[in-house]
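Thanks for asking me to look this one over. My notes follow as numbered points, to be read with the structure open beside them.

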Amino acid sequence: MFGQTSTTTTTPPPNDRGLEDLDAAALAYAARIAGLPPERRGEARDDLVRFALPFAGRLARRYRGRGEPLEDLEQVARLGLVNAVDRYDPERGSFTAYAAITIVGEIKRHFRDRTWGVHVPRRLRDLILEVGQATAALTSELSRAPSVAELSARLETPEEEILAALESAAGYSPASLNAPVGGESSAEFGDLVGESDNALESVDDRVTVSGLLHRLPWRERRILAMRFYGNQTQAEIAARFGISQMHVSRLLSRALTWLRQAMLADAPPPWQNGAAEPDPGKTRISVKQNGDRVVVEVGGEIDRDGADQLRRAMLEAVTGQPSEVVVDLVGAGGFDAGGIAALMAGHEAAERTGVPLRLTRVQPAVRRSLTAAGLAAARD
């Protein structure tokens with residue numbers, strides 16, 4: 001039941017004729033091979049093994065019913081018999097006793113090393129056997145299954161060790177992961193077992209990259225997003241920005257190189273824009289007086305950093321009570337939530353003061369954001 005074996009007395013009874021014949025056969029075998037070279041001993045060895053096979057089979061049958069097929073136990077017993085024949089020395093005593101010890105040892109080793117589904121310490125396996133025997137005895141005496149306390153008292157062992165033995169006994173034949181969960185469900189036990197999430201290993205990298213992306217200029221951020229998140233080709237990105245595909249390739253290469261260096265450095269290196277390439281993503285806001293009309297020119301990306309600057313410029317323009325405030329968005333490449341909120345704040349201030357406010361030369365991408373924010377009536 002628990003995969004353990006008990007000590008078996010291997011001394012043969014003196015009145016067992018079969019065992020006496022086995023000893024006689026072993027002595028005859030020893031005399032037969034005396035003086036023969038090793039290559040000529042095989043036939044005599046095979047004869048003794050064949051003669052002793054019933055003896056090995058009887059020893060194997062003593063251990064049937066313990067969770068192992070009888071055929072497997074017989075094979076292990078025969079292996080032990082062969083070892084006993086090869087190591088037999090008539091000067092050391094009875095072959096029968098020596099063969100029994102060798103065969104039983106092989107069977108026990110098989111139960112110890114081959115039958116347990118999980119590794120259990122030998123001390124605990126011995127206790128599992130004792131618990132099994134005590135459970136059978138107490139069940140017969142009490143006409144019910146014994147409690148842990150009763151097993152502990154019978155074996156004079158702490159209850160914690162009894163519980164450990166009972167739990168470890170399940171490791172002899174663990175349940176299959178393909179076993180059904182139960183009922184009419186088609187789910188298997190393995191479906192309920194969690195598995196490692198390889199994506200957890202990339203969490204730190206994702207957080208780091210997210211922070212570094214905000215350090216890139218607006219144009220590089222947009223190009224990376226369009227290429228790797230929007231799955232757009234370099235030709236499509238080039239058409240969107242009005243630049244060549246080769247230029248897009250250079251911008252991607254420079255941005256990715258900077259990200260790699262920043263990921264490996266303790267402090268991110270400064271972004272080098274290049275003197276010949278002004279950054280179109282940088283927020284540019286200028287306020288111009290044109291007679292009694294105020295023009296607010298907006299360029300670059302209006303993100304959370306540029307939103308306050310735009311809000312202040314629009315509020316100052318409205319506060320002066322001009323005849324009209326015109327917000328020129330021809331150079332504005334994008335608005336995030338903060339930029340849209342700044343436009344809405346300026347529009348609400350113009351409505352409160354009665355100053356007409358008009359948004360003009362709005363780019364298509366920005367136009368969609370303004371429409372979604374409810375500013376469609378305020379654009380030109």
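1. I began with strand E3, and glutamate 324 is found in it. The side chain of glutamate 324 makes a polar contact with the side chain of arginine 358, at 3.0 Å. Beyond its neighbours within four places in sequence, glutamate 324 is in contact with Asp292, Arg293, Val294, Val355, Pro356 and Arg358.

2. Please keep in mind that this is a predicted model. The average pLDDT of the chain is 79, and 83% of the residues score at least 70. Among the elements of the chain, helix H3 (residues 70-87) has the highest mean pLDDT, 90, while helix H14 (residues 364-372) has the lowest, 76.

3. Two stretches call for caution. Over residues 1-18 the pLDDT stays under 50, and the model has 41 contacts beyond four places in sequence for them. Residues 274-278 also stay under 50 in pLDDT, and for these the model has four such contacts.

4. Now the overall picture. The secondary structure of the chain comes to 14 helices and four strands. Of the 380 residues in the chain, 36% are buried. Taking the contacts in the chain with a separation of 6 or more, 62% are between residues 24 or more positions apart.

5. Back to strand E3, which covers residues 324-335: how many of its twelve residues are buried? Ten of them are, so the strand is largely enclosed by the rest of the structure.

6. E3 has a partner in strand E2 (residues 293-302), and the two pair in the parallel sense over nine bridges. Within E3, aspartate 328 stands opposite glutamate 297.

7. Strand E4 (residues 357-360) also runs parallel to E3, and four bridges join them. Here leucine 359 of E4 stands opposite valine 327.

8. What do E3, H13 and E4 make together? They form a right-handed β-α-β unit.

9. Helix H13 (residues 337-353) passes a simple length check. With 17 residues at 1.5 Å a residue, H13 should span 24 Å, and its end C-alpha atoms are 25 Å apart, which agrees. The buried residues in H13 are Gly339, Ile340, Ala342, Leu343, Gly346, Ala349 and Ala350. An α-helix has 3.6 residues a turn, so residues three or four places apart point the same way. After H13 comes glycine 354, with a positive phi near 75°.

10. Helix H3 can be checked in the same manner. Its 18 residues should span 26 Å at 1.5 Å a residue, and the end C-alpha atoms are 26 Å apart, which agrees. In H3 the buried residues are Leu73, Glu74, Val76, Ala77, Gly80, Leu81, Asn83, Ala84 and Val85; note that glutamate 74 and asparagine 83 are on that list.

11. A word on backbone angles. Most residues other than glycine have a negative phi, and most peptide bonds are trans. Glutamate 156 is not a glycine, yet its phi is positive, about 55°. Its place is the loop between helix H6 (148-155) and helix H7 (159-168), and at 74% relative accessibility glutamate 156 counts as exposed. Glutamine 321, likewise not a glycine, has a positive phi of about 55°. Glutamine 321 lies in the loop between helix H12 (304-319) and E3.

12. With a relative accessible area of 25%, glutamine 232 is partly exposed. Leaving aside its neighbours within four places in sequence, glutamine 232 is in contact with Met226, Arg227 and Ile237.

How values were computed. Residues numbered from 1 in each chain as written. Predicted model: local features only at pLDDT ≥ 70, side-chain atom pairs only at ≥ 80, totals over all residues. Heavy atoms only, no water. Expected span 1.5 Å × (residues − 1). Buried < 20%, exposed > 50% of the residue type's maximum accessible area, 1.4 Å probe, protein only. Pairing = 2+ DSSP bridges. Right-handed = clockwise from strand over helix to strand, strands pointing away. Contact = heavy atoms within 4.5 Å. Polar contact = N/O pair within 3.5 Å; in protein donor to acceptor, adjacent residues only side chain to side chain. pLDDT = per-residue confidence, 0-100.
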